[in-house]
Amino acid sequence: MADTALGAKLLDSGDYLVTAILPITAQSLSSLQDRISTILDSSLYLHELCLVCDPEHQSAVRQILYEMLSEGFSSYQVDVSIFSWPTNREEGAATLYVAQQIDTAPDRILLLDSNGLENFESATRSMLVGRFATPLPVGPRGYEIHDREPSCLAVNSTPNAASFLVPPFSIAPLLIPPHDLSSDSIFDIWASLGQHISRARYEHVGGVIVDFDETPSWCSLVNADPSSLQLESAQHFAPDMNQERATFAVILSSVDDLLSIATLVCRLSSQGHQIHILLTQEHTDGSIRPLSSCQLKADLLPIMRLAQPHARPETWLSDLTIAPSVVITVLAEDLSSSFSADVTLIRMPREDLPFCDWMSGLPLQAWRNWHKPQLEVSVITNDRPESLSRLLSSLSSSSFFGDTVNLRINVEQTADEETLHVVDSYLWKHGAKMVHRRVVQGGLLPAVVESWYPSSDDSYGLMLEDDVELSPLFYAWIKMALLTYRYGKPEDMSPQLFGISLYQQKNLELRPEGRHPFSAHKLFSAASYPHPNSPYLSQIPCSWGAVYFPEQWREFHDYLSVRLSATHPKLPIDRIVAPGLRSNKWTKSWKKYFIELVYLRGYVMLYPNFRDYVSLSTNHLEIGSHVREMSPEAYERKKKLYLLPLMERPRQLVSTNSEREPMVPAMTGLMDLPDERMPRWDHLPLLDLLGMFATEEILQGRGTTRREELFDCEVPNRLLDIRALLCIFNDSDVQEE
C-alpha cells in the first residue's frame with residue numbers, strides 16, 4: 001500500500017502528466033538522494049514519483065525524503081509515494097505491480113531500474129520524462145529476438161523498433177497489462193511485456209529505442225560474451241538471494257513429453273536453476289514448434305549415439321558438469337547408479353506431466369524431501385454403494401505423480417451386500433488396498449477415529465466419508481502443502497498446524513446462532529489483504545476431505561481415551577471445554593472432541609481459497625449419520641449450501657491458429673495463488689473457530705486461560721502431552737472406573 005504522507009503539492013494537471021517508478025534495493029539506498037534529484041531535475045512534466053522498497057528499508061527512505069524536504073525538495077511540486085515491494089517478486093515484476101496500482105491517470109509512466117537515470121546524459125533524461133506521440137514503450141535500451149535468441153540493439157537518435165525494452169523507458173498506462181507476466185533469469189518480465197505489447201498493437205513491435213546521447217557502450221558491453229550479458233542484465237533482474245539454486249536433470253522420451261512438462265521446466269529455469277534435458281527417442285532436427293513461455297534446449301540420445309554408440313541416460317547423467325540435485329524422468333529403468341544417494345529421483349507417469357506446474361513453487365528443501373511424506377487414504381463407508389462408487393472413481397481418476405499411496409476401506413458391520421461387492425471388486429493401482437470390517441456396529445465416531453493411526457511421523461491420513469467426491473488434482477494440493485509447510489523452509493513450519501483441508505468453507509457451523517454463510521475471498525478483500533485468494537489457516541477441523549497430521553492424531557486418541565472414560569474428576573462427560581460453540585451440542589460427533597483439543601492447544605488447519613469456491617473435494621450431503629430424511633425440496637436447498645465445483649485438469653496444451661505461433665503450455669488452477677506459490681507461513685491469514693481474525697498468540701492464549709479455568713493447574717504444559725495438558729501427573733489424578 002502506498003504511503004503518500006510525504007507528498008508535496010501536485011503540478012497543475014492542465015497539460016501533460018508523467019509518473020516515475022523507482023525500485024530501491026539495499027545497494028542503491030546509499031545513493032538514493034542523488035538518484036531522486038536527477039529524476040526531479042529532468043522534466044517539468046513529472047508530477048508523481050513512486051518509490052518501491054522492502055518494508056525494512058522504508059524508515060530509511062522516509063528519513064532521506066525528510067532531509068530533502070528540509071533542503072528545498074518541496075519546490076519541485078512532485079507527489080512522492082512509498083510502495084511496499086511485493087513479496088517474492090523480482091525487481092521488474094515489483095515495478096510492474098506498482099504500475100498496475102497507479103490511479104492518478106498520468107499520460108505516461110516512466111519505468112526505472114534501481115539505477116534511476118544515473119547513466120544517461122541530460123538529453124536522454126529529458127526525453128524519457130517528456131511527451132510522446134506513440135503509446136509504445138520508448139527508451140534507450142532494447143533487444144530484438146531473432147530465431148528465438150535475443151540480441152542487443154545498437155541505438156542512436158533515429159527511432160528503431162525493438163522486440164522489447166529494458167528500463168529505463170516510458171510507456172502509456174493503457175499498455176500496462178492488468179495481470180502478472182512470466183519472468184526469466186536474464187530479462188525478468190521485460191521480454192514478456194514486449195511480447196504482450198506486440199500482440200496487442202497493430203505495429204507488432206514491443207517498443208521503440210532511441211538515445212539522443214548516442215552512447216555506444218550499451219551494446220558493446222552487452223554483446224561481448226555471455227558473461228557480459230549476465231552481468232549487464234543484473235541491473236534489471238534482482239534474484240531472491242534467499243532462494244537456493246540447484247541443478248535439475250529431466251529425462252523424457254520425446255518432444256511431446258517436453259511440451260507437456262514445459263511449464264514446470266520454464267519456471268524452474270526462470271528462477272535461476274540449471275536445467276539439463278535429455279530426450280531418449282527423439283530424432284528431430286530441432287525444428288520444434290516454439291513455446292510462448294521460454295526456450296528449451298535438449299540433448300537427443302539417438303543423435304548422441306552416432307558419435308557415442310554406448311551412450312545411455314546413465315552416461316549422460318554422469319557426464320553432467322554439475323551433479324543434479326533432482327532427476328525427473330518418465331523412464332522405468334533404474335538410474336540410481338549414476339548419482340549419489342542424496343539426489344532426489346522422481347519417476348513421473350507420462351500422463352501426469354502436463355499437471356506439474358505447481359511444483360515450480362517448491363523450495364529446494366522440499367524437492368530434497370519429496371519422498372518423505374507418505375499419504376494413506378482412509379475411506380469410511382456403510383450402506384451407500386452408489387456414493388462409495390463415485391468416491392472410488394474420483395480416487396482412481398486422480399493424478400499421484402508416481403507416488404505410492406496405500407488405501408484402507410473401513411466398512412461398518414451393517415454394510416449391505418451391494419456395498420461389500422463394490423469394495424471387493426475395486427482395483428487400486430497406486431499402492432496396497434486393505435479392507436477392515438467391524439464385527440460390532442460402532443457408529444460414525446469410532447468409524448472415523450479408528451479408521452487410521454499413523455505408523456511414523458511421516459505418515460498422513462486422508463479421511464474420506466463415502467459421500468465425498470475428489471478433484472483429480474486433490475493429491476497435488478496435498479503434496480504441495482505438505483512439502484511447503486512440513487518439509488520446506490524452517491520458517492514455514494509450525495507445530496500448530498494439524499492438517500490440510502481439501503474442502504473450501506462456504507458456511508460457518510460453530511456460531512451459537514447457527515449456520516452462517518462464509519466467503520474467505522470476500523472477508524480478505526474487505527480487510528484489504530493484498531491477496532484475497534490466499535490460502536488461510538482456520539481452527540475448524542474439516543470432515544469432508546482432509547489430511548490429518550500424525551502428531552496431533554495420536555494426541556487426539558490420547559485425549560479421547562481420557563475424555564470418553566469419564567475418569568477425570570474435573571472433566572465429566574458433560575463438561576463444556578470450548579465455550580460458546582454450537583459443537584457442544586454434537587453429542588455423537590468426533591469433531592466435537594477434536595474441536596475441544598484444538599481450542600485448548602490453539603491448533604490450526606490449512607484451507608484452500610480458490611476463486612468461485614473451486615475446491616479439491618466436495619460433499620454430496622447424502623442421507624446418513626448427520627443428514628436425516630427431509631422433503632426433496634428442503635434436501636436440494638440444503639445440498640446447494642455445501643456442494644462445490646471441483647478443480648478440473650486443464651487441457652494439456654493450448655494451441656494457436658498458426659503453425660508459427662507459440663504453443664502455450666497448460667496451467668492448473670493450483671497456480672492461482674499469491675505470486676503463484678504457497679505463501680510464507682507468517683503471511684497466511686488466520687481465523688478462529690468463529691471465523692474471526694486472530695493470531696497464533698491469541699489462540700494459544702485462549703487455550704492456556706481455559707486450561708487454567710478447567711483444571712486450576714499451574715504446572716507447565718508440554719507439547720503433544722495429554723497428561724500435561726489435562727494436568728494428570730499421577731495415577732491418583734484420575735478415578736478408577
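**Note on aromatic pairs and nonpolar cores**

1. A search of the whole structure finds 36 aromatic pairs. Keep in mind that this is a predicted model. One of the pairs joins Phe-498 and Tyr-548: the ring centres are 5.9 Å apart and the planes meet at 25 degrees, so this pair is stacked. The cut-off for stacking is under 30 degrees.

2. Which parts does this pair tie together? Phe-498 sits in strand 22 (residues 497–501), while Tyr-548 sits in strand 26 (residues 546–548). The pair therefore links parts that are 50 residues apart in sequence. Phe-498 and Tyr-548 are both buried.

3. Tyr-548 also pairs with Trp-553. Here the ring centres are 5.2 Å apart and the planes lie at 55 degrees, so the pair counts as tilted. Trp-553 is buried, as is Tyr-548.

4. Ring pairs join Phe-498, Tyr-548 and Trp-553 with Trp-452, Phe-556, Trp-590 and Phe-594 in a cluster.

5. Glu-551 deserves a look. This residue is part of helix 18 (residues 550–563). Is Glu-551 buried or exposed? Its relative accessible area is 18%, and the cut-off for buried is under 20%, so Glu-551 counts as buried. Leaving out residues up to four places away in sequence, Glu-551 touches Asp-457, Arg-486 and Leu-720.

6. Now the nonpolar cores. In soluble globular proteins, nonpolar side chains tend to be buried together. The largest nonpolar core in this model has 101 residues. Trp-367, Leu-395 and Trp-477 have the most contacts inside this core. Which helix gives the core its largest share? That is helix 16 (residues 474–485), which supplies 10 residues.

7. What does Trp-477 contact beyond its neighbours within four places in sequence? Its partners include Ile-500, Ser-501 and Leu-502. Pro-535 is another.

8. Two lysines lie over aromatic faces. Lys-479 is over the face of Trp-370, at 4.4 Å from the ring centre. Lys-506 is over the face of Tyr-613, at 5.4 Å from the ring centre.

Note on methods
Residues are numbered from 1 along each chain as its sequence is written. This is a predicted model: local features need pLDDT of at least 70, side-chain atom pairs count only at pLDDT 80 or more; totals for chains, interfaces and linings use all residues. Side-chain values use heavy atoms; hydrogens and water are left out. A nonpolar core is a set of buried Ala, Val, Leu, Ile, Met, Phe, Trp, Tyr and Cys residues joined through side-chain atoms within 4.5 Å. Buried means under 20% relative accessible area, exposed over 50%, partly exposed in between (1.4 Å probe, protein chains only). Helices (H or I, at least four residues) and strands (E, at least two) are DSSP runs, numbered from the N terminus. Contact means heavy atoms within 4.5 Å. Rings of Phe, Tyr and Trp (its six-membered ring) pair if their centres lie within 6.5 Å; planes under 30 degrees apart count as stacked, over 60 as edge-to-face and the rest as tilted. A charge sits over a ring if NZ of Lys or CZ of Arg is within 6 Å of the ring centre and within 35 degrees of the ring normal.
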